[in-house]
Amino acid sequence: MRTPHSRLLRRSWAAALAAVGSVALLVSGFVATPTSAAEAGCRVDYTVDQWPGGYTAQVKVTNLGPAVDGWRLTWTHADGQQVTSAWNATVTQTGASVVAVNADWNGSLATDGSAEFGVQGTWSSTNPDPTDFALNGVACGGTGTTPPPTTPPPTAPPPTTPPPSADCGSAVVCSDFEDQTGTTPSGAWQFAAPDCQGTGTATVDTSVAHSGSRSLRIDGSAGYCNHAFVASTADLSSLGPVMYVRMWVRHTTALPAAHVTFVSLPDSSQDGRALRVGGQNGALQWNRETDDATLPAQSPAGVAQSRPLPTGSWQCLRFAIDTTAPGLDTWLGDEQIPGLHADGVPTQDIDEQWLARTTPPRPTALRLGWESYGTGDDTLWFDDVAVGSSPIGC
């Protein structure tokens with residue numbers, strides 16, 4: 001059983017190091033409260049969630065010295081920990097030494113400005129907090145002028161680069177459904193029941209919307225043959241190399257323990273079978289129709305690395321699908337979900353099963369709706385949907 005915990009590190013030039021722990025359930029997010037003193041140099045808030053053999057850490061670096069244009073944070077993992085992936089920064093490890101370099105969008109730090117990034121890694125015997133953070137060569141808590149980085153920061157590779165703007169004007173799909181004139185989806189959006197049709201329905205709703213006055217409403221019914229989707233007519237087969245998807249979704253009933261799907265992407269790499277986003281065991285998950293692989297793994301440790309989809313409010317859900325490698329990233333709002341991140345390094349309880357298939361996905365279309373495989377029904381709304389080859393924000 002994994003034991004979530006949060007840890008906050010502050011460095012004082014004149015005092016010994018202190019570590020403050022605060023328990024936080026992963027499904028509710030991390031809680032880290034900085035102490036009140038301010039030092040010259042920098043401050044690092046290092047919030048950890050760990051389980052046997054693995055961990056993720058959310059790292060917040062605050063610049064307490066002069067403004068910098070480009071940052072480089074270093075620390076040491078002296079007990080055999082190994083960073084395997086990162087987001088919102090480029091992180092490399094050589095031996096015990098770890099270096100994090102800003103992405104192209106978060107390199108400027110004013111005095112008291114901060115940047116946040118995350119890492120995922122492994123550990124064996126122990127997983128202590130790092131004690132030697134330094135920002136651009138100056139120890140956190142140190143004094144003096146912060147020098148510029150010795151080398152210019154590289155551009156962070158997709159799909160981990162967060163989107164710069166919510167504007168989707170040039171995207172292949174950019175729809176707020178305001179062009180829908182009746183109650184039945186029409187034009188660029190068509191009703192679809194991929195496998196079989198039952199009592200599930202799809203309508204254009206003028207009473208609930210994220211923006212404007214219209215949204216797509218799905219009344220999804222339990223039972224395998226109640227598929228109800230609204231499919232975009234846009235051809236996504238040549239979009240890439242990274243496909244970015246953004247949507248606002250509002251649903252009524254908490255995700256069930258049984259498997260359900262509300263986003264389905266026909267995938268030519270699976271001969272048209274679907275790359276699916278939905279839920280299982282109460283949390284968000286990816287599912288691949290060909291081999292029924294899931295991301296994360298449906299173990300207690302894997303599920304705990306995902307998130308529930310909050311009910312009764314609009315939620316911004318974003319994906320980045322690499323069509324050149326079996327890589328995925330998923331954000332709920334501005335939070336990247338650790339359990340819904342797949343990269344080239346298999347991680348137990350996360351993407352080990354997912355990466356067993358090495359063929360990159362090649363989605364060709366987008367379908368929004370509801371599909372259950374037994375129990376589970378829901379009423380959902382979709383609005384402000386976008387699909388493009390550049391990051392799209394909330």
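Biologist: Asn281 sits in the loop between β22 (274–280) and β23 (283–288). What is the phi of Asn281?

Modeller: This is a predicted model, in which local features need pLDDT of at least 70 and side-chain atom pairs count only at pLDDT 80 or more, while totals for chains, interfaces and linings use all residues. Residues are numbered from 1 along each chain as its sequence is written, and side-chain values use heavy atoms, with hydrogens and water left out. Strands (E, at least two residues) and helices (H or I, at least four) are DSSP runs, numbered from the N terminus. As for phi, most residues other than glycine have a negative value. Asn281 has a positive phi, near 55 degrees.

Biologist: Is Asn281 buried, partly exposed or exposed?

Modeller: Buried means under 20% relative accessible area, exposed over 50%, and partly exposed in between, with a 1.4 Å probe and protein chains only. Asn281 has a relative accessible area of 38%, so Asn281 is partly exposed. Asp112 also has a positive phi, about 75 degrees, although Asp112 is not a glycine. Asp112 is in the loop between β11 (108–109) and β12 (114–122), and at 57% relative accessible area Asp112 is exposed.

Biologist: Which peptide bond of Pro241 is cis?

Modeller: Most peptide bonds are trans. The bond joining Gly240 and Pro241 is cis, with omega about 10 degrees, and Pro241 is in the loop between β19 (228–232) and β20 (242–251). Another cis bond runs from Leu295 to Pro296, with omega near 5 degrees. Pro296 lies in the loop between β24 (294–295) and α1 (300–303).

Biologist: How many disulfides does a search of the whole structure find?

Modeller: A disulfide is a pair of cysteine sulfur atoms within 2.5 Å. The search finds three. With the bonded cysteines numbered in sequence order, the pairing reads 1-2, 3-4, 5-6.

Biologist: Where do Cys42 and Cys140 lie?

Modeller: Their sulfur atoms are 2.0 Å apart in a disulfide, and the link is left-handed, with -105 degrees about the S-S bond. Cys42 is in strand β4 (residues 42–51) and Cys140 in the loop between β14 (138–139) and β15 (173–175), so the pair ties together parts 98 residues apart in sequence. Both Cys42 and Cys140 are buried.

Biologist: Why is the disulfide of Cys168 and Cys174 right-handed?

Modeller: The torsion about its S-S bond is about 70 degrees, so the link of Cys168 and Cys174 is right-handed. The two sulfur atoms are 2.1 Å apart. Cys168 is buried at 10% relative accessibility, whereas Cys174 is partly exposed at 39%.

Biologist: Which cysteine does a disulfide join to Cys316?

Modeller: Cys394 is the partner of Cys316, at 2.0 Å from S to S. This link is left-handed, with -90 degrees about the S-S bond. Cys316 is in strand β25 (residues 315–322) and Cys394 in the segment after β29 (378–388), distant parts of the chain 78 residues apart.

Biologist: What is the volume of the largest cavity?

Modeller: Rolling a probe the size of a water molecule over the atoms shows where empty space is left. A cavity is a set of points on a 1 Å grid, over the protein atoms alone, where a 1.4 Å probe fits but cannot get out; lining residues have an atom within 4 Å of a point. The structure holds two cavities of 30 Å³ or more, and the largest has a volume of about 70 Å³. Its lining includes Asp267, Arg288, Trp354 and Arg357.

How values were computed:
On a 1 Å grid over the protein atoms alone, a cavity is a set of points where a 1.4 Å probe fits but cannot get out, and a pocket is an open set with protein on both sides within 12 Å along at least five of seven lines; lining residues have an atom within 4 Å of a point. Grid points are joined across faces, edges and corners, and a volume is the space filled by probe spheres set on the points.
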